[in-house]
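Open the model in a viewer and have the sequence panel at hand.

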Amino acid sequence: MAKPVVAIVGRPNVGKSTFFNKLAGKRIAIVEDKPGVTRDRIYTEVEWLNHSFTLIDTGGLEPESKDIILSQMRNQAKIAIQTADVIVFMVDGRAGLVAADEEIGNLLRRTGKPVLLVVNKVDTSKLPDSFYDFYQLGLGDPFPISSTNALGLGDLLDEIIARFPEKQDEDYEEDTIKVAVIGKPNVGKSSIINTILGEERVIVSDIAGTTRDAIDTPFTHGEDKYVFIDTAGIRRKSRVNEDIEKYSVVRSLNAIERANVCMLMIDATEGVTEQDKKIAGYAHEEGKASVIVVNKWDLVQKETNTMNQYIKDIRKELAFMPYAPILFVSAVTKQRVNQILETIKFISNQHSMRVPTGRLNDVIGEAILLNQPPSDKGKRLKIFYVTQISVRPPKFVIFVNNRELTHFSYTRYIENKIREAFGFEGTPMSILYREKG
Ligand code: GDP
Ligand code: GDP
């Protein structure tokens, strides 16, 4: 089930990122933080009263530059309108109502989306006189908050959640492998999908996705059921916003959430971009399986070591996902395109693999003998027992004497040992510790 998306829109300096960071603090990571995962986020998961949603700071999408503020804000608003279930329109309670607010207000008012008008920087319980001017925006009652003092945030979250759409059920069978096809515009998503589908039986084509921008294409390959979730829109390609390349990041989030497997497409002629990294980081944090597909391999001048050098570069840029297989393909010559589905099926199985507890503890027991757990001030970490508590992604709990003695480098060692023994190719893994009295 895709999480609802909430977008924050507003002028520079009204406090969008302060607000974002306040809520992001409550974020619960699905997989542990690893070095290399990008920190400058424009989106975060927020949990509130049994609900979780994705919060996007549209202001973080572009560098600030005074002369184009208005056009940037129009873009922000457009993106919010396209991608969000609920829009938080933030204004500045100290500055009062300004012309730019009215301009954006006009844009937002015409959408069918729920808009919450939020007046930030109301730091005390007394409303400033200028507060009432915001009624002129015609967006209903303004909500006063103070992001820095964390005032009114709970009430606002309640209001946001109350505006989420009713849940829609996914209509795919449990064993369908859901593949998010992710990559910047022009990387070759449509070409690759069409090449694969050209050889497969497409059951139904162009079903409008249950979400905003994705188009779902279910098909079978032998006995296996798949659905491609494509963020660009495969055949009914809408070119409207293709030019705003950066925003493909935002559009990808939803597809990733709905998928089991992410096909991360990289353009061989460009290498891994900052945007590719962000998207891959999200797939990793969401605990999805990933395969890295380097397309347009036909355009690369090859020498003896070209592919190895490429692999090295990708491993360096996407250091947080050393588990992801890398394929070098060409949609034009069809080179190795036939390996894509095989790999997807393989990593999907790895993603949902469960290992027997007995064997797992044998492996960990041996690992401990080879390399003793860390110690601190004369106390040594004791590992009693390990068990796998979930799949998709695989999650393990290690019972120990004292959690404070654990160390990330040892956790990584354990992870490597589990991977050596069992594989878990293509999938992130999480390892948690619990104390056993
Ligand atoms: P953004 O450009 O909209 O992301 O705005 P920022 O979050 O960077 O905030 C701009 C300025 O407003 C910073 O100096 C913040 O410290 C300040 N600010 C943000 N929220 C509040 C608030 O609730 N009260 C007050 N007094 N200042 C705030
Ligand atoms: P999308 O926006 O990611 O769906 O990308 P498209 O599939 O529309 O491809 C964008 C452009 O790249 C088109 O002109 C394709 O013909 C071209 N293209 C796609 N894959 C390849 C490839 O493997 N090699 C070469 N040379 N061109 C490709």
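## Ligand 1

The shell around ligand 1 divides into two nonpolar, 10 polar and three charged residues; Ala, Val, Leu, Ile, Met, Phe, Trp, Tyr, Cys and Pro count as nonpolar, Asp, Glu, Lys and Arg as charged, and the others, Gly among them, as polar. This is a predicted model, in which local features need pLDDT of at least 70 and side-chain atom pairs count only at pLDDT 80 or more, while totals for chains, interfaces and linings use all residues. Residues are numbered from 1 along each chain as its sequence is written, and chains are lettered from A and ligands numbered from 1 in the order in which they are written.

Select Gly15, Lys16, Ser17, Thr18 and Lys121, which come nearest of the 15 residues around ligand 1. A residue is near a molecule or strand if its C-beta atom, placed from the backbone, lies within 6 Å of it. Helix H1 (residues 16–24) supplies the largest share of this shell, three residues. Helices (H or I, at least four residues) and strands (E, at least two) are DSSP runs, numbered from the N terminus.

## The six-stranded sheet

Next, show the open sheet of six strands, with order S2-S3-S1-S4-S5-S6 and mixed pairing; two strands pair if DSSP finds at least two bridges between them. Strand S2 (43–48) and strand S6 (143–144) are at the edges with a single partner strand each, so one side of each has no neighbour in the sheet. S2 and strand S3 (residues 51–57) run antiparallel and are joined by six bridges. To see a pair across strands, pick Glu47, which stands opposite Ser52 in S3.

Contact requires C-beta atoms, placed from the backbone, to lie within 7 Å. Helix H4 (residues 153–162) lies across S1, S2, S3, S4, S5 and S6, and runs at about 170° to S5.

## Ligand 2

Move to ligand 2, which is surrounded by 16 residues, with Gly188, Lys189, Ser190, Ser191 and Ala331 the closest. Helix H5 (residues 189–198) gives the most to this shell, three residues. By class, the shell around ligand 2 has six nonpolar, seven polar and three charged residues.

## Helices H10 and H11

Select helix H10 (residues 357–370) and helix H11 (residues 408–422), which pack at an angle of about 130° with axes 10 Å apart. H10 and H11 are therefore oblique to each other. Val363, Ile364 and Ala367 of H10 make the contact with Tyr413, Ile414, Lys417, Ile418 and Ala421 of H11. That contact has seven nonpolar, no polar and one charged residues.

## The three-stranded sheet

Which strands make up the open sheet of three? The order is S17-S18-S19, with mixed pairing. Strand S17 (383–390) and strand S19 (430–435) stand at the edges, and the twist averages 25° from one strand to the next. Strand S18 (residues 395–400) runs parallel to S19, with six bridges between them; Phe399 has Arg434 in S19 as its bridge partner.

Finish at Arg392, in the loop between S17 and S18. A cis peptide bond joins Arg392 and Pro393, with omega about 0°. Phi of Arg392 is near 50°, a positive value in a residue other than glycine. Most residues other than glycine have a negative phi, and most peptide bonds are trans.

Technical notes
Axes are lines fitted to C-alpha atoms, for helices over the stretch in contact, and angles run from 0 to 180 degrees between N-to-C directions. Angles under 35 degrees count as roughly parallel, over 145 as roughly antiparallel, 65 to 115 as roughly perpendicular and the rest as oblique. Two residues are in contact if their C-beta atoms, placed from the backbone, lie within 7 Å.
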